[in-house]
Amino acid sequence: MEFMSDMLSGADSGKPSLFEIVAQHKMSDLIEPALRHVTSVYAHRYPRHLVRILNWHEEIYAAVMLVVERHYLRAYGGSFAEHFYGTKRVRTHKIRGDNGLTRGDVWGSLALLVGLPLVKGRLDQYYERISGGDAARLLGSSFAQAEQNEDPSPETATAAAGSDLYGLRRRLMSWRLSLKRMFKLCYPHANFMYHAATALYYIAYMFDRTDYNSPWLHMLGLQVRRLSAADYRAMNERGSATSDLAAPANGSPIRFARNMVAHLLTGGLDFLKVLLPLSIFFYRFLEWWHRSDFHKKAQMTPPPPPPMPLKPHPEGLSVPEDQTLCPICNEPRTNPAAAPSGYVYCYPCIFNHISDKHTCPVTLAAAHVNGIRKLYSDS
Ligand SMILES: [Zn+2]
């Protein structure tokens with residue numbers, strides 16, 4: 001790995017290898033499904049609150065990641081995944097010297113890190129819907145045609161016949177329909193271009209033809225570079241400076257409280273470095289768990305224990321010591337049959353007794369003739 005990364009990144013030791021870049025992208029792609037999976041697992045258990053979260057998962061996730069990525073970009077100059085792999089973003093003409101990100105760089109990066117995946121996901125979903133999704137792919141596009149051929153003018157003809165409003169509405173509807181058709185036609189090409197451009201940049205990056213690992217970073221003029229020893233030193237100093245701020249020595253209690261909250265918030269966001277990768281491992285574990293046999297074994301409930309036997313009632317008949325005898329006639333049982341209490345008699349004896357007294361003769365528990373069970377083995 002070391003050899004390959006050195007070989008491919010040439011003499012520039014600050015330039016991360018393609019493997020590191022791909023690993024970073026993979027990691028950011030994994031966090032979202034991991035969190036979604038964890039949420040959906042718990043949504044089964046607590047549907048009242050979590051189902052709503054699940055429906056808005058992408059938006060909520062984007063909002064959370066906006067906060068997280070903004071923190072990492074401002075504090076460490078790189079996205080969460082980039083920082084995790086020990087890299088950061090640097091403006092190309094500032095590689096040497098002071099290379100903090102400007103406000104514009106941060107917001108551009110945020111649009112790229114959070115906005116782009118959200119928009120792309122929505123467009124993918126929309127395309128899937130209007131193209132008929134998997135059904136269209138299997139059954140041909142005739143399945144999706146049905147939706148297209150719907151009449152753009154609903155049954156409002158009587159209400160608005162002849163009026164300008166009706167014509168305007170009709171025209172709007174047909175515009176919408178042709179826009180939809182155009183989107184359906186163009187989107188696969190745009191999607192292809194998107195992926196092709198990403199792949200081309202990967203290849204060019206691998207062969208040192210470009211310093212940008214994606215067309216988007218090229219547009220922003222930002223490169224991803226390895227963190228240097230000076231960066232780590234600066235980070236450590238910053239860390240100790242923030243813990244000094246939280247010390248109660250300077251300022252009023254309000255200022256102290258504000259510093260404390262800021263400190264805790266920063267600490268919490270920094271803790272995500274540990275938490276998010278853990279959530280990926282948790283996701284992988286859940287995936288394995290639900291596929292494995294352990295899961296089925298754990299779900300199998302043990303058979304319920306047998307019911308407690310009813311004790312003979314002191315005023316009832318006593319049970320003969322010889323288990324093959326009938327407690328009613330004290331003869332070897334003929335046609336053995338069990339009362340609902342579980343005690344076994346001759347069938348004619350117990351039938352007559354229960355029809356007459358409606359109780360089991362030994363336990364005096366209430367019984368009905370329908371509850372008598374014939375036994376086919378006398379053991
Ligand atoms: Zn009997």
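Visitor: What covers the buried residues of α15?

Guide: Helices here are DSSP runs of H or I with at least four residues, and strands are runs of E with at least two, both numbered from the N terminus. Contact means that heavy atoms lie within 4.5 Å. In this predicted model, the cover over the buried residues of α15 includes β3 (336-338) and β4 (344-346).

Visitor: Which residues of α15 are buried, and which are exposed on the other side?

Guide: A residue is called buried under 20% relative accessible area, exposed over 50%, and partly exposed in between, with a 1.4 Å probe and protein chains only. In α15, which spans residues 347-357, the buried ones are Cys-349, Ile-350, His-353 and Ile-354. They cover an arc of only 115 degrees around the axis, and therefore lie on the same side of α15; the arc is taken from the directions that run from the helix axis to the C-beta atoms. Asn-352 and Asp-356, on the other side of α15, are exposed. After α15 comes His-358, with a positive phi near 60 degrees.

Visitor: How should I read the numbering and the limits of such a model?

Guide: Residues are numbered from 1 along each chain as its sequence is written. The model is predicted, so local features need pLDDT of at least 70 and side-chain atom pairs count only at pLDDT 80 or more, while totals for chains, interfaces and linings use all residues, and side-chain values use heavy atoms, with hydrogens and water left out.

Visitor: Which residues are the protein donors of the zinc ion?

Guide: Donors are N, O and S atoms within 2.8 Å of the metal (3.2 Å for Na, K and Ca), and sites may look incomplete because water is not among the atoms. For the zinc ion, the protein donors are the SG atoms of Cys-326, Cys-329, Cys-346 and Cys-349, at 2.2 to 2.5 Å from it. Along the chain these donors follow the spacing C-x2-C-x16-C-x2-C. Cys-346 counts as buried because its relative accessibility is 3%, and Cys-349 counts as buried because its value is 19%.

Visitor: What are the angles among the four donor atoms of the zinc ion?

Guide: Ideal angles at a metal are 109.5 degrees for four tetrahedral donors. Four donors count as tetrahedral if all angles lie between 85 and 135 degrees. Here the angles run from 99 to 117 degrees, and the site of the zinc ion is tetrahedral.

Visitor: How many residues apart in sequence are Gly-316 and Thr-363?

Guide: They are 47 residues apart in sequence, yet 6.0 Å apart in space, C-alpha to C-alpha. Gly-316 sits in the loop between α14 (293-299) and β3, whereas Thr-363 belongs to the loop between α15 and β5 (373-374). Leaving aside neighbours within four places in sequence, Gly-316 is in contact with Pro-361, Val-362 and Leu-364. Thr-363 counts as buried because its relative accessibility is 8%, and the residues it touches beyond four places in sequence include Leu-310, Ser-341 and Tyr-343.

Visitor: Where is Glu-20, and what does its side chain reach?

Guide: Glu-20 is in helix α2, residues 18-45, and counts as buried because its relative accessibility is 16%. A polar contact is a pair of N or O atoms within 3.5 Å; within protein, one must be able to donate a hydrogen and the other to accept it, and residues adjacent in sequence count only if both atoms are side-chain atoms. The side chain of Glu-20 reaches the backbone nitrogen of Ser-17 at 2.9 Å, and makes a polar contact with the side chain of Arg-226 at 2.8 Å.

Technical notes. Four donors count as tetrahedral if all angles lie between 85 and 135 degrees; four count as square planar and six as octahedral if opposite donors are over 155 degrees apart and all others between 65 and 115; anything else is irregular.
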